[in-house]
Amino acid sequence: MPIRPTSILSLLAVSLGAGAAHASSGDAWEEFRADVSAKCIAAAAESLEDVNAIVDPFGTESYGVALVSGKPKGGDGNVTQICVYDKQTKAVELGGEIGAQVIPASKP
């Protein structure tokens, strides 16, 4: 069976499209992680100093998740909070403070 030029072009277009989608998805995940980090740090900075975020690389299907840690403003020691980022609305919510005795809160 002879190979038709349109078949070759179709195969080439699909191959190039898949490569472009794969490359942009890596960029999209990097943007996602940066947005989760920035928004979680901003939310935690209202009550913490020297805030650091550790972002789950992909989160769940619906949410981004990060651990934010820092020193309570006007307090001693370090605490950690769980930050949840809604992938649809891009809003974040923080859980309560978890003391250092439960999760060591230190910068990587």
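Which residues does Val 36 touch, not counting residues up to four places away in sequence? Select Val 36 and look around: you'll find Val 55, Gly 64, Ala 66 and Tyr 85. Contact here means heavy atoms within 4.5 Å.

**Before you go on**

This is a predicted model, where local features need pLDDT of at least 70, side-chain atom pairs count only at pLDDT 80 or more, and totals for chains, interfaces and linings use all residues. Residues are numbered from 1 along each chain as its sequence is written, and side-chain values use heavy atoms, with hydrogens and water left out.

**Stop 1: the whole chain**

Switch to a cartoon view. The chain has one helix and five strands, in the order α-β-β-β-β-β along the sequence. Helices (H or I, at least four residues) and strands (E, at least two) are DSSP runs, numbered from the N terminus.

Now colour by pLDDT, the predictor's confidence in each residue, from 0 to 100. The chain averages 80, and 69% of the residues score at least 70. Where pLDDT is low, the predicted coordinates should not be read in detail.

**Stop 2: the core**

Next, select Val 36, Cys 40, Ala 66 and Val 68. Of the 13 residues in the largest nonpolar core, these touch the most other members. The elements giving two or more residues to this core are α1, β1 (48-55), β2 (63-72) and β3. A nonpolar core is a set of buried Ala, Val, Leu, Ile, Met, Phe, Trp, Tyr and Cys residues joined through side-chain atoms within 4.5 Å. Buried means under 20% relative accessible area, exposed over 50%, and partly exposed in between (1.4 Å probe, protein chains only). Of the chain's 108 residues, 21% count as buried.

**Stop 3: the disulfide**

A disulfide joins the two, with S to S at 2.0 Å; the rule is a pair of cysteine sulfur atoms within 2.5 Å, and the count comes to one. Cys 40 lies in helix α1 (residues 5-44) and Cys 83 in strand β3, so the pair ties together parts that are 43 residues apart in sequence. Look along the S-S bond: its torsion is about -85°, so the disulfide is left-handed. Both cysteines are buried.

**Stop 4: Gln 81**

Stay in strand β3 (residues 79-86) and pick Gln 81. Is Gln 81 buried or exposed? Gln 81 is buried, with a relative accessible area of 6%. Its neighbours beyond four places in sequence include Ala 44, Leu 67, Leu 94 and Glu 97. Show its side chain too: a polar atom there lies 3.0 Å from the backbone oxygen of Gly 95.

**Stop 5**

Most residues other than glycine have a negative phi, and most peptide bonds are trans. Select Asp 50, which sits in strand β1: its phi is positive, about 50°, although it is not a glycine. Asp 50 is exposed, with a relative accessible area of 58%.

Finish at Lys 90, in the loop between β3 and β4. Lys 90 also isn't a glycine, and its phi is positive at about 65°. Lys 90 is partly exposed, with a relative accessible area of 43%.

Definitions and conventions
Polar contact = N/O pair within 3.5 Å; in protein donor to acceptor, adjacent residues only side chain to side chain.
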